[in-house]
Amino acid sequence: MGTEKVPSSIVHFAELDKLLNLCRANSLWPMTFGLACCAIEMMCTGGSRFDISRFGAEVFRPSPRQSDVMIVAGTITRKMEPGVKTLYDQMPEPKWVIAMGNCAISGGPFKFKGNYNVVEGADQFLPVDVYIPGCPPRPEALLEGIMTLEEKITGKRRWPRRQPGQVTG
Amino acid sequence: MTVPIQCRPDEVFVLNLGPQHPATHGVLRVKLTMDGEYIVKAEPVLGYIHRMHEKMAEAGSFAQFMPNTARMDYLHALAYNHGYVLAVERAAGIEVPERAEYIRVITVELNRLSSHLLWWAAFLLDLGGFTPLLYAFDDRERILDLLERITGSRLTYCYFRFGGVYNDIDDEFIAGTRDFIKRLRSRLPRMYHDLVTHNIILIKRLKDIGFITPEQCRKYGATGPVARGSGINYDVRKNEPYSVYPEFDFDVPVYTECDSMARYMVRMDEIEQSLRIIEQALDKLPDGPVKAKKVPKILKPAAGDYYAAVEAARGAFGCRLVCDGGKSAYRLKLRSPTFSNLSLFGEVAEGMLLADALAFMGSLDLVIPEIDR
Amino acid sequence: MSIVEETRKALLQLFPEQAAAEAEAEAAADAEAAAGAEADTDATAEDTASTEEAGEAAGGEETAAEPAAPAKEEEPAEEGPRENGVLVTDHAARGTHLDVLCDPEQVVEAAGIMDEAGFFLEAITGVDWIKEDRMEVIYDYNQTGPDPCRVVVRTFIPRANPEIPTISEIHPGANWHERETHDFFGIKFQGHPYLEPLLLPEDADFHPLLKDFTP
Amino acid sequence: MSAYWNDVFGGAKSLAIGLSITAREFFKPVITMQYPWEVPEIPERYRGHIELVKNEKTGKPKCICCGMCMRSCPSGCISLVGKKPEGEKKKVLTKYELDFTKCSLCGSCIESCNFGAIRFSKDYNLASTRKEDYVFDLLKRLEEQG
């Protein structure tokens with residue numbers, strides 16, 4: 001099973017594409033895919049305090065066929081790697097990947113000399129769009145990641161920008 | 001509730017549950033042999049999140065392994081911090097000041113509360129109730145705020161140090177904890193119990209489901225709420241006291257019904273007992289240093305092996321530390337409670353309906369990275 | 001009789017020599033006590049305690065230090081190779097109450113004794129002593145009674161041919177622990193019903209916790 | 001038959017209780033934090049990635065390039081270079097690189113530093129489309145902070 005090829009249309013409707021992208025960006029359905037610690041912060045983001053549904057991304061889908069974005073939240077091991085790949089391949093186009101947490105970015109603290117079982121980063125086998133560092137990142141960082149992804153899809157930012165570490169304002 | 005399997009051997013089929021399945025709480029995979037909706041054989045397949053903790057313990061120094069302990073059972077990370085710290089302190093002969101012990105108990109119990117609340121939310125999510133998650137996370141966030149204030153992190157704490165804790169608690173934390181205890185006390189009966197525990201749907205789904213006999217618990221080495229729900233009165237905090245737990249007056253909830261409802265009730269009662277412990281610890285909190293003096297930067301415990309056990313939210317967590325006199329552990333065996341608790345899943349799930357087996361699995365309170373380590 | 005003492009007695013079945021030596025010493029001490037102090041009958045409890053201690057000392061073993069004693073005192077392995085037998089260890093210093101060293105063939109019998117005494121298996125661990133060219137297998141037992149009693153059963157097997165009988169028939173929970181130990185160390189548990197990789201990938205042919213393992 | 005009616009009444013009662021709780025909660029203040037408009041209160045001890053501390057007198061980093069943080073780090077995130085300029089006794093920090101993608105925020109580096117030269121920052125909301133953004137040049141960051 002490979003990544004499905006979407007034939008590009010000969011005629012492009014620029015305005016329509018923009019509209020489509022705007023729709024996509026504001027209803028990013030993530031896949032329920034908790035691997036480890038970061039998954040709990042992902043749950044917190046979905047919980048009452050942070051409320052990811054303000055961004056239209058609260059619809060955590062258990063099935064890859066129904067989701068747009070895969071939030072890789074946790075460590076990917078060699079045993080899990082084929083599974084992650086299969087899940088990604090099953091997602092319909094267009095699809096995005098968010099690598100949440102240090103483990104998904106580079107193997108994190110598990111990247112050491114005797115490493116025999118941890119894949120050093122989701123980008124080894126997936127095209128990652130947004131990286132969210134932290135161990136685990138705060139829920140705000142995940143929200144920031146979703147906003148960054150929206151920005152990437154539509155080309156402009158709909159939400160106010162917060163500088164990293166900005167605590168007042 | 002066991003139903004005899006009546007179909008022909010060639011009519012059974014294999015159903016693959018996981019590793020990506022919302023009910024398995026992570027990346028557990030269960031190979032189920034099914035006869036229609038009934039489970040003939042269930043075989044959990046582990047290792048999808050095996051993160052080499054035991055190998056890493058041998059690679060770095062004792063202090064360098066500390067962050068790993070928080071990443072095994074991230075829901076009750078401080079208990080794992082505690083277990084590891086106890087083992088190393090036992091090996092190196094480090095005395096811990098009293099105030100540090102009290103702070104450890106307070107933070108561990110707060111963490112236990114947050115773990116049980118999350119279990120409650122996730123378990124009810126498995127059973128089809130979404131609202132409880134929102135209520136539980138409201139309370140849980142308040143605990144995390146308190147812990148973040150002290151430890152600096154929300155989930156994977158690396159707060160304990162050999163011979164004490166990283167830093168002292170302040171008055172605002174104490175006041176905040178007292179407020180929180182009051183709040184949760186009033187919410188427990190009026191929100192948690194009224195909304196969920198007495199709900200007829202929950203009772204119907206959990207009563208007489210997942211029957212684990214005390215003998216099965218013993219044979220498989222199950223501990224924690226799973227054993228206590230089967231009438232085994234075993235809690236490391238009482239049976240093999242460590243830290244300053246003997247100072248506190250608390251009960252160990254035991255239910256003899258042996259079903260999923262009993263395990264649910266054990267955890268709900270444990271929330272109340274944890275509140276009691278925190279309250280007493282805050283009252284008795286002594287003054288003094290929070291770190292032992294003269295803890296060498298590089299620990300070199302004498303050769304030999306040492307064992308330390310703590311009661312984590314899921315059962316008895318044990319650390320077996322084998323030292324050869326060097327700077328790092330020669331071998332560190334981490335005995336995780338859910339590894340043993342899950343090993344009885346196969347036997348108990350036989351003959352169950354699939355939907356009930358998922359409710360039963362939720363009542364075991366699995367944290368997969370802790371099983372796989 | 002405390003549970004530690006009871007379990008010790010039960011485990012002595014494994015080591016007839018140590019049991020015989022102790023019984024002999026105990027008898028001698030009893031005779032001595034009977035001859036020496038007939039007057040005070042109230043002190044019998046104390047007497048038996050002291051005779052037990054004397055018995056262990058005669059059996060070539062060290063008794064548990066006082067709970068307040070410094071942590072790193074009793075380590076018989078330091079003085080020379082330890083002989084098979086039951087050893088009472090200091091819980092405050094070690095975390096265990098009884099320490100049993102036996103032959104690899106005896107682990108099944110030991111597991112049976114522990115099972116009868118109502119213990120459950122907490123964990124199985126391997127340790128790779130590469131310098132001595134052998135491997136250690138450690139079984140941790142615990143029980144749920146009101147008084148703590150942790151028993152550790154350990155045995156050594158050659159590194160070149162690590163084989164040991166399985167105890168999964170007695171303790172079903174050992175099934176996974178043995179599979180895990182096989183994953184990590186390549187120790188073959190003879191008679192195990194399903195010795196396939198548990199934590200490592202299905203096709204793994206390496207044993208990562210061996211000291212000479214390189215990824 | 002009575003069991004059936006018991007279930008019906010029990011169900012109705014559960015439903016009524018549930019709805020009353022929901023109604024009660026409905027009138028309570030909203031607890032959601034409107035993140036991009038509102039910023040969270042980050043506690044004093046919050047553990048973000050580490051950053052260098054400036055020596056207020058000289059305006060230079062406090063770091064003396066002993067390398068203790070580098071050695072104590074469990075995952076080898078830190079790499080620093082110090083050079084001895086001619087005619088001076090002390091080393092001067094020329095490069096301090098933090099690979100935040102491997103960090104587990106344990107605080108070992110800060111504990112091992114005897115000079116208080118590093119501390120936790122409060123960067124709580126990092127997200128980027130480039131992985132390289134998280135290999136921080138802390139010396140540059142210190143200069144930018146002014």
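**Entry 1: chains A and C.** I looked up this contact, counting heavy atoms within 4.5 Å as contact, and found that six residues of chain A and 11 residues of chain C take part. Before going further I noted that the model is predicted, that local features need pLDDT of at least 70 and side-chain atom pairs pLDDT 80 or more, while totals for chains, interfaces and linings use all residues. I also noted that residues are numbered from 1 along each chain as its sequence is written, that chains are lettered from A and ligands numbered from 1 in the order in which they are written, and that side-chain values use heavy atoms, with hydrogens and water left out.

The size of an interface is often given as the accessible area lost when the parts come together. For buried area I took the accessible area (1.4 Å probe) that two parts lose on being put together, summed over both; between chain A and chain C this is about 570 Å², with 65% given by carbon and sulfur atoms. On the chain A side, K79(A), Y116(A) and N117(A) lose the most area to chain C, and together they make up 84% of what that side buries. Sorting the chain A residues that touch chain C by class (Ala, Val, Leu, Ile, Met, Phe, Trp, Tyr, Cys and Pro as nonpolar, Asp, Glu, Lys and Arg as charged, the others, Gly among them, as polar), I get one nonpolar, three polar and two charged.

I then searched this interface for salt bridges (a side-chain nitrogen of Lys or Arg within 4 Å of a carboxyl oxygen of Asp or Glu) and found zero.

**Entry 2: chains B and C.** Which chains share the most contacts among the five pairs in contact? They are chains B and C, with 45 residues from chain B and 54 residues from chain C. Together these two chains bury about 4,100 Å², of which 52% lies on carbon and sulfur atoms. R218(B), K219(B) and Y330(B) supply 16% of the area that chain B buries against chain C, which is more than any other three residues.

I counted nine salt bridges between chain B and chain C, and I looked up one formed by the side chains of R373(B) and E180(C), at 2.8 Å from N to O. On the side of chain B that touches chain C, strand β6 (residues 304-312) gives the most, with five residues; strands here are DSSP runs (E, at least two residues) and helices are runs of H or I of at least four, numbered from the N terminus. That side of chain B divides into 19 nonpolar, nine polar and 17 charged residues.

**Entry 3: salt bridges overall.** Over all chains, the search finds 64 salt bridges. I picked out the pair R138(A) and E148(B), whose side chains meet at 2.5 Å, N to O. This pair crosses between chains, from the loop between β4 (130-132) and α5 (139-154) of chain A to helix α5 (residues 131-151) of chain B.

**Entry 4: chain D.** Chain D is divided into domain 1 (1-31) and domain 2 (50-145), with bounds from an automatic or database domain assignment. The centres of the two domains, taken over C-alpha atoms, are 57 Å apart. Chain D does not touch chain C, and their nearest C-alpha atoms are 17 Å apart.
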